[in-house]
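Here are my notes for a colleague who is meeting this structure for the first time. Please read them with the view open.

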Amino acid sequence: HKQMLGIKRFDDKHAYLILMNLSNKYANFKCESEWLEMSLILTNLNNKAQLQEKMIFAPYEVRIYKSI
């Protein structure tokens, strides 16, 4: 999606997925199945949503997920 930015990062032990809605509008996002087992570790909103195949991000919402 054009208004979404996703970044994957890795260290020796974990993988991280950073998802950001860069727009002032709600955004739909489809997640790859290989990332669905990750846990939410940080967000800028009071949202505890775990990764799902289809998600909706609020305007300017950012979520950071970490591999288990």
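1. First, a term. Helices (H or I, at least four residues) and strands (E, at least two) are DSSP runs, numbered from the N terminus. In those terms, Tyr60 sits in the loop between β5 and β6 (62-66).

2. Ground rules. This is a predicted model, where local features need pLDDT of at least 70 and side-chain atom pairs count only at pLDDT 80 or more, while totals for chains, interfaces and linings use all residues. Residues are numbered from 1 along each chain as its sequence is written, and side-chain values use heavy atoms, with hydrogens and water left out.

3. Overall make-up. The protein chain has six strands and zero helices. Its order from the N terminus is β-β-β-β-β-β. The radius of gyration (taken over C-alpha atoms) is 11 Å, close to the 11 Å of the globule rule for 68 residues, so the chain is as compact as a globular protein of that length. That rule is 2.2 Å times the number of residues to the power 0.38. The C-alpha atoms fill a box of roughly 35 × 20 × 15 Å along the principal axes.

4. Burial. Buried means under 20% relative accessible area, exposed over 50%, and partly exposed in between (1.4 Å probe, protein chains only). Of the 68 residues, 35% count as buried.

5. Strand β6 and its partners. Two strands pair if DSSP finds at least two bridges between them. Strand β2 (residues 15-21) pairs with β6 in the antiparallel sense over five bridges. Strand β4 (residues 39-43) also runs antiparallel to β6, joined by four bridges. Which residue of β6 is the bridge partner of Leu19? It is Arg63. Arg63 is the bridge partner of Thr43 as well.

6. The faces of β6. In a regular strand the side chains alternate between the two faces of the sheet. In β6, Arg63 and Tyr65 point to one face and are buried.

7. Strand β5. Strand β3 (residues 27-30) and β5 pair antiparallel over four bridges. Asn28 has Ile56 as its bridge partner in β5. Ile56 lies on the uncovered face of β5 (residues 54-57), together with Lys54. Met55 and Phe57 make up the covered face.

8. Back to Tyr60. Is this residue buried, partly exposed or exposed? Tyr60 has 47% relative accessibility, so it counts as partly exposed. Its phi is near 60°, a positive value in a residue other than glycine.
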